[in-house]
Amino acid sequence: MTVRTPGRARPVAPWVRTRLRSAPGAAAALALLVAVTAFLAAALPLAVDRYGDAGLRRSVEAAGPGRTTVQLYASQDSAFTPYEEWEAQLRPDAVRGPYAEILALSGRFLPLDPGQSSHGVRTTRRLAAPDPYLSRPDGIAPEFHLVAPSGLAGHSRLREGRLPTAPDDVTAATSAVEAAVTTETARKLNIEVGSVVHVPGVERAPLAVRVTGTVEPLAPRGAYWSTTPVLRGPSLLTVPGDPQRSVFWAGALLLPPEAAPVLPGTGGFPERYWMLAPEVSALHGHDLPRLTSAVASLEAGPLLQRARAAASPAVDSETSLDEVFAEHTELRSVIGPLVAVAAFGTGTVAAVVLFMAGGLAADRRRAELTLLRARGASLRGLAGRLLAETAVVAVPAAALGLAAARLAVDGGRPSYAVAAAGAVALLACAALPLRAVAAHRAVRVHAARDDLASARPSRRRTVAELTLLALAVGAVVALRTRGAPDGEGASGDGLVSSAPVLVGMVAALVLVRLYPLPLRGLARPVGRLRGVVGPLALARAGRASGSAVLPLLALLTALTTAAFGGSVLTGVADARDRAAVLAVGADARVEGLRALPSGLADRVRRAPGVRDVTAVSVSYDGRPPGGGPTVPVAGVDPDGYAALSRHTGIGAFDPDGLKASGAGPLPALASPEVADRYGTGRFRVRLDDGSDITVRIVGVREQTPALAGLDFLVVDRSGLPDGPARPTALLVTGDRPDAGALREAAGGAAQVRLRAEQFAKYVDSPLQSGAERVYTAAVAAGAGYAVLALLLTLLRAAPERAALLARLRTMGLTRAQGRRLLVLESLPQALLAAAGGTVTAWAAVRLLSPGIDLTTVAVSASSSPAGRAALRTDPVSLLVPALTVVALTVGIAAAQAWWTGRRGAVRELRAGDAR
């Protein structure tokens, strides 16, 4: 006999499973919405981290090892240090010992590359080598640094001979040592294996350095060879103070570390060095404050003090890595707030859509929840059950979106992605319970009328709206007065970055309050029209749900963000294009150091994409009287050059005023600085070839296509002497000239520069391109959520509209009239959103433009040839999204009317249907 233990009765049907089985389509739609939103939310911080890391690494790589390597060095402790003690300090063990400690100490704060870091001994003063076989360009003996680096065998490939060696007992009195040179040094200075280079000694005979081998660097651009470029290869230097500007070679002789004690016997003033190369692949943009602090500590802080304790009190440091970090921080501080604007806008629209999805579910289940409350269900119990059934769908969907984001975007900090996806899951889970609790706080059978025409805002809502208005005003004022936030907390100044969103939210609340007014004004004139469609559509539009503030908020925020983002992207593109055309002067420029060949202009003119060619002769060293600064002089053909100026929009002028008359001074266009300096009187200018011309300034232009700079003169080329009149540059206009064809036509006689290539050069940082991609994706996502908000709004009213059409068709309403009814009913809110969004976006751009400078974003520099790149309204970004909203609203309403007509009226008028 089986005895049942008394216990709690098992429920007949579990709530969550029953609800999911009863509405699988709604559950799947919610899961898809949450998964996509979690994916976008998690991908944003990952993408920001990725392009931030790539931008920092590109900045460090572009700066080069000469600026980014931290160099610690120690000279002789005292001028009275005995040779024996100084020799002991230069021996390999004495240099290698502190290196290991310094590398380990610094690596805990600044990622270092042990493979490219090095240590050794080097002379700080070049030593002249009088050997006659060495290369002497202007008859001046070459000079050498003597360097004893560590790890030469591991960083080079032996090409000829053998690596140098030295005994352990080398001293300052040693008469000869061995050395190696790079293949480039050997080739340029005429050094062979077995050559002996003599360098002067101090109180001793010259030191003989015998070359035993030539080596080729394995990574010539790495920090080991490029921190001090003379190690890699020699360079030509100019003799200081020489009026003839004579040049000589400066190179390096690579000694073995055991030979370093010989260096005090030369006049090179040797020093020990420890080079710390940063590990570029381990640098992260979000670590910039910590990295900057570590570099500062190595330059003059605790880390430098520890290095001195490990090596010598005379240790000092030198690097420009802090300047590289500061330049990157400046660029990041400008780009960060702009990306935050898009993130705030898209995040707001996504949150509104999630709330709308919860509201749609609450409205569909209003009768069910009302019945549960009438039968005694508590608010806490009801909210808990709704939370449980939503969490079963939302949490796995958010986890799936997070996993997809991690797979799609490599790198980045996962904690921020998890937090973003968790916030989406939390919002999705809370939307339905919160809306249900708000709607069913009191137990009632029939809900009160809730529409825009009858709704009366409460005091709490008024206080909240006024608070939001104060925040928006504060954000706009802060942005206009102090600009976009910069510095370490640039991306975290939420109030300023959310200014466009706050403006859109305030506009949405204002429009919701004003919405009934035009409807009441139109009620009487529309009532006089024949037919029932117009008055009925207007009456139904006035009875739209009072919760329409959410879709209107989503639409206005999306339209404002899209217009603001489009204006930013358009402003950046325009600034780059303007800077590119100012730098090149035309669509393409073919320029040589001397006069161009006579047939080059015809060959260039025949190249694909070339429409016209303007020949220009430029004398860069024009010398006016009085010994003032030189002024570049451009000789042009007035008619063609005037057409070019109009085409580029740079310094347009009347060609007749520039033409030479054959008598008197040449008319000239001048920059403002030159015009202020010489006035409108005639004055003489000596050109590069020594000939003189007399000019008179007849016009002033800020810029001119032929010359980029503050000073210039432009004259008629026909009035110049024969030599200076020969063209030195060709300014090409056309529709995307073929770069390959132009370079083939120019050959080796000239350099070719294209406007399109210069445009591309301005995007030299992944920080810029990555931010633009994130901004574009955020704006596109915001537009998608706005469309989804529009769809949810229409879906919310779809059952009631379908029932209305069915009832009216039984009264004789035709299908065409039904379509017009739904279209006219949805038009007021669509037109309100479109017009309000356009005006709000225009006002936001106008209000915020004084505080936003796009120059750094456009050209990766604080200044641009085109001047300050300001934010301007973009008509396309203003009108296209607004017109899209109207078109979608009309299309969806027409499609709903068509679909309802196909289903018939019987199904919509079933007995007992609550609709």
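In what order do the nine strands of the open sheet lie, and what kind of pairing do they have?

Modeller: Bear in mind that this is a predicted model. The order is 17-18-16-19-15-14-20-13-21. The pairing in this open sheet is mixed. Strand 17 (682–686) and strand 21 (751–754) stand at the edges. Each has a single partner strand, so one side of each is left without a neighbour in the sheet. From one strand to the next, the twist averages 35 degrees.

Strand 13 covers residues 588–591, and strand 20 covers residues 729–734. The two run antiparallel and are joined by four bridges. Arg589 has Leu731 of strand 20 as its bridge partner.

Helices pack on this sheet too. Helix 21 (residues 638–648) touches strand 14 (610–622), strand 15 (631–636), strand 19 (713–716) and strand 20. The direction of helix 21 makes about 105 degrees with that of strand 14. Helix 24 (residues 739–746) lies across strand 13, strand 14 and strand 21. Relative to strand 21, helix 24 runs at about 160 degrees.

Next, a helix elsewhere in the chain. Helix 12 has 30 residues, 379–408. At 1.5 Å a residue, helix 12 should span 44 Å; its end C-alpha atoms are 41 Å apart, which agrees. Helix 12 does bend, by about 35 degrees at Ala391. Its buried residues include Leu382, Leu386, Val393 and Leu402.

Then the cores. The largest nonpolar core has 91 residues. Ile335, Phe564, Val568, Tyr775 and Leu854 have the most contacts inside it. Take Phe564 as an example. Leaving out residues up to four places away in sequence, Phe564 touches Val341, Pro500, Tyr775, Val845, Leu848, Ile852 and Leu871. A second, separate core has 57 residues. Among them are Trp86, Phe144, Ala186 and Val295.

Last, the whole protein. It has 29 helices and 21 strands. Of its 915 residues, 49% are buried. Consider the contacts with a separation of 6 or more: residues 24 or more positions apart account for 81% of them.

Conventions: Residues numbered from 1 in each chain as written. Predicted model: local features only at pLDDT ≥ 70, side-chain atom pairs only at ≥ 80, totals over all residues. Heavy atoms only, no water. Pairing = 2+ DSSP bridges. Axes fitted to C-alpha atoms, helices over the stretch in contact; angles between N-to-C directions. Contact = heavy atoms within 4.5 Å. Expected span 1.5 Å × (residues − 1). Bend = angle between axes of the 7 residues up to and from the residue. Buried < 20%, exposed > 50% of the residue type's maximum accessible area, 1.4 Å probe, protein only. Core = buried A, V, L, I, M, F, W, Y, C linked by side-chain atoms within 4.5 Å.
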